[in-house]
Amino acid sequence: MRREATRRSRGSRWLALLTWGYVLLSLWPVVVAIQFSFNAGRSMTSWQGFSLTRWYFGDPVYSVWHDPTLQSALMQSLKLAALDMSIATPLGVLLALGLTRWRSPLASASNFLMLLPMVTPEIVTGVAFSLVILHLFVFLHPGTLAQALGHVTFSLSYVVVIVRGRLVSIGRQYEEAAADLGATPWQSLRYVLLPLLLPAIFASLMIVFAISIDDFVISQWLSCGAGCDTVPIRIYGAARARQTPAVNALAALMVYSTLIALGVAYLLFRFLTRGERASGTSPGAAVTTVGGLEW
Amino acid sequence: MDLVKAFGAQKVVDGLNLRISPGEFFSILGSSGCGKTTTLRLIAGFEQPSSGHVLLDGVDMTNTPPNRRNVNTVFQHYALFPHLDVFDNVAFGPRRARVDPGEVKRRVGEALELVQLAGYEKRKPAQLSGGQQQRVALARSLVLKPAVLLLDEPLGALDAKLRKQLQAELKALQRQVGITFIYVTHDQEEALTMSDRIAVMSRGRVEQVAAPREVYEEPASVFVADFLGVSNLMSAMAGGMSGVGGRMIRLGNFELRAECGDGSIQGRAKITIRPERVRIEPRGSGGENRIPGTIERCDYLGSAMQLVVRLVTGDLIHVQLQNTGEPLEFPRGAAVHAHLPAGALRVLADPGEDDGKG
Amino acid sequence: MYPKWLWRVLALPGIAWLIALFLVPFYAVIGVALGGVDPIFQNPVPAWNPLQWKFSSLLDTLEGFLPGHEYWRIFLRTTEYVAVAVSVCLLIGYPVAYYVSRHARRSKPWLIALLVLPFWISYLMRMLAWTNLFAPAGLVNELLELAHVTRNPPDWLNGNPVSVILALVYGYIPYLILPLLAALDRIDQSLLDAARDLGASPLQTFLRVTLPLSKTGVLGAVVVIGLPMFGDYYTPNVVSGSPQTSMIGNLIDIFFHGGPQPSIGASLTLILTMFLAALTAYYLFTVNRAHRESAP
């Protein structure tokens, strides 16, 4: 018995080594890249000392703060993210409400439709979008509006999945109680359902932000040129060219903002559902969809 | 004042016809899936009957939505709004009815006093114990002074001791406010203790509606007999009328006389007798309704003695003897006579293949 | 309680959006792929009416995938890269997922957070980080020289298929580990306990119970990373600028942005989609069959 136990723990020790090794190796390149954003010199590969601000806003020519192309990329990314958040979230919430509570074969088909963008390879979506703009929706030109429309289209699915998780964990009981106590359907929505959905709505906002900021393919295919380039597109262009660590700084900024958005989403969600943890309802299902995707 | 009459008819609830009197504590008793919760939801308005009507005080409410019926529900898991504190939860109903804030405050205070939770206004539901949550749910419903209060297994989530305590409190509360309570449960003891009348349901149909005593002592069907307490059901053949009253029943090779039960049954039937009515006598005693048997088991319970006796007909019966202080000896295998007094022996219709499992 | 039409109406805007901006664009791909080409300007002229669809161009492009024809090599290469990359992902990812799911106790939430992290770091950022490391003067080559493995470290970033495959693994493996983790988590511990109780060793339990039960999970995770990988074009572009490592995605990219024949690009996209749809259908069919077998 004891021999077996040590054999097992030895086997699992190798696994532990592999796992932690993988985790470290997968994050190490990113850490190094962020480290180099603080490089005192111009090289992206050899460390020349620590400078906190040179590439962020110190260097008068190349830093993110001063380089117009980098700045415009940052602005464009933020603009698209704002547009995405403000359109995809309300649309997605309504869609989630409708799809969860509507029962009919048409509803299942719509559900399938909603999931399709998630499983389509991005290049297919990119091609499709640019073709439709060229040949059908000619009033749309490649540019910010087209990019925003594309972003919303694939963000919708994420919002629906998150809100739906929350809806399912709430169930119908609170609205029934509200109706029982005399609330009209409208009052029930306003005083019971919407407040309870708020955590998921905030989580969706933050996640749409993170997704939009990180998007590359759609933004590139619908870009109008340098003015519409987003941060990922800049990074793509810079990865093979001779560039300064300002690119690292730009990418690092993106990482910071995404992590902050996620942190805020998580904390807000926990704060807003703090009244539910000890009692019967479980926000568990929704929490796991905040962190990853619904599998 | 509050008369609720409902005939619902869906596959879940079949041909239900109940008449509930004002101010009574009415229980619907049955095991899971028998349709009792659906019945409650029909009354509350969350389900629509496929046919039939729900009447409150003579007014047809079948097509009225739940928020406009003067009926309130205490849900099984309370459904207290997690994002509101106790005060706001209880105030929810009055506020939606546009009662003005001063009056709301007064009424909420009153309701919380009624359930002995004054002072808990600022707490959130997650900070309350199960019993406290249940009381808030009660207060929330009672503050609206409904004509009828529906309770869906409200004590199910609580432990045994708390349950007993709350049973007494609920009963007292009902007496105090005088509102009709319709109480759904699967716990027969609960129903027997608290109710003025009980409706026993099985598979969507009502088997019997009567006061607790009647339901226990005079069960109308095999299901009711079996559901409440131990029933000692035995298969027998119903014979003709007896000269001295009751019917003659043939159990195996024995002729018994039964005074209770359905007089119209012919042929195959079930007979039942409660364990506390069976008498154990030494072999050799004469008289009607005596069947020889052997003691299979004897359990001393302190206040009573529980025996399991195997009759020569093959049936196994449970006997409960009150502890009268007499030292009684019932060794295993002892041969005795089981006396089933005619006045306690009941004839019931044989339900067929189910064999009384309802 | 709520009017019956409410939910339908709420869902309508979202559905309308998806139809207009997802289904219709896809129809545009079909229209261009099966349409004609303006003889003068050489522009594609999309055919919206199904009756006007011309399959000749599509069939020509499809023919290009047969062995010996112009797209055969790229198709082969893409399949190779994807197959190798997915296998390596599985080789590393499965043990990691297994460990986190079954053996990690206190560190489990931390590990899960760390595993989820790459999800939210932009793919491009990770590729940038990768190229920095593998640049001629980068850390990897430094380490190799230090360890005296070679004196002449290879040029990682110029047309090196190994780099592309490794980059694909690095990029996509997080998307494999998480679904796999979820699937492994779902296996009931009591099943494993029962196996041990009946005398199976840990290895046997793994081979005979855990592994078969995780089959659908593995298949699902493979689909989740395999499908996007097939359409990947930016990874080869970033990690190796050379056409020697082009994948199908690169082909489509070139036809659209470089070349004069977007209709061929559309045909290629269509073919790619149908190929992937076939794979997905096969996957769904297998899963469905497995479900029906396991739940009588």
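## Strand 3 of chain B

Phe25(B), Ser27(B) and Leu29(B) point one way from strand 3 of chain B, Phe26(B) and Ile28(B) point the other way, and all are buried. A residue counts as buried if 20 or more other C-beta atoms, placed from the backbone, lie within 10 Å of its own, as exposed if 12 or fewer do, and as partly exposed in between. In a regular strand, side chains alternate between the two faces of the sheet. Because 5 of the 5 residues of strand 3 (residues 25-29) of chain B are buried, the strand is largely enclosed by the rest of the structure.

Strand 3 of chain B runs parallel to strand 8 (residues 180-185) of chain B, joined by 5 bridges, and Phe25(B) has Phe181(B) as its bridge partner there. Strand 3 of chain B also runs parallel to strand 9 (residues 197-202) of chain B, with 4 bridges between them; in strand 9 of chain B, Val200(B) is the bridge partner of Leu29(B). Helices (H or I, at least four residues) and strands (E, at least two) are DSSP runs numbered from the N terminus.

## Basis of the model

The structure is a predicted model, in which local features need pLDDT of at least 70 and side-chain atom pairs count only at pLDDT 80 or more, while totals for chains, interfaces and linings use all residues. Residues are numbered from 1 along each chain as its sequence is written, and chains are lettered from A and ligands numbered from 1 in the order in which they are written.

## Chain B as a whole

Chain B has 8 helices and 21 strands, and its C-alpha trace spans about 80 × 45 × 30 Å along its principal axes. Of the 358 residues in chain B, 42% are buried. Among contacts in chain B between residues at least 6 apart in sequence, 65% join residues at least 24 apart; two residues are in contact if their C-beta atoms, placed from the backbone, lie within 7 Å.

## An open antiparallel sheet

In chain B, 5 strands form an open sheet in the order 16-20-17-18-19, with antiparallel pairing. The edge strands, strand 16 (279-282) and strand 19 (316-322) of chain B, each pair on one side only. From one strand to the next, the twist averages 45°. Two strands pair if DSSP finds at least two bridges between them.

Strand 17 (residues 290-300) and strand 20 (residues 335-339) of chain B run antiparallel and are joined by 5 bridges. Pro292(B) stands opposite His337(B) of strand 20 of chain B.

## Helix packing in chain C

Helix 3 (residues 72-103) and helix 10 (residues 215-230) of chain C pack at an angle of about 150°, their axes being 10 Å apart. Helix 3 of chain C is therefore roughly antiparallel to helix 10 of chain C. Axes are lines fitted to C-alpha atoms, for helices over the stretch in contact, and angles run from 0 to 180 degrees between N-to-C directions; those under 35 degrees count as roughly parallel, over 145 as roughly antiparallel, 65 to 115 as roughly perpendicular and the rest as oblique.

Helix 3 of chain C contributes Thr78(C), Val82(C), Ala85(C), Val86(C) and Cys89(C) to the contact, and helix 10 of chain C contributes Val222(C), Ile225(C), Gly226(C), Met229(C) and Phe230(C).
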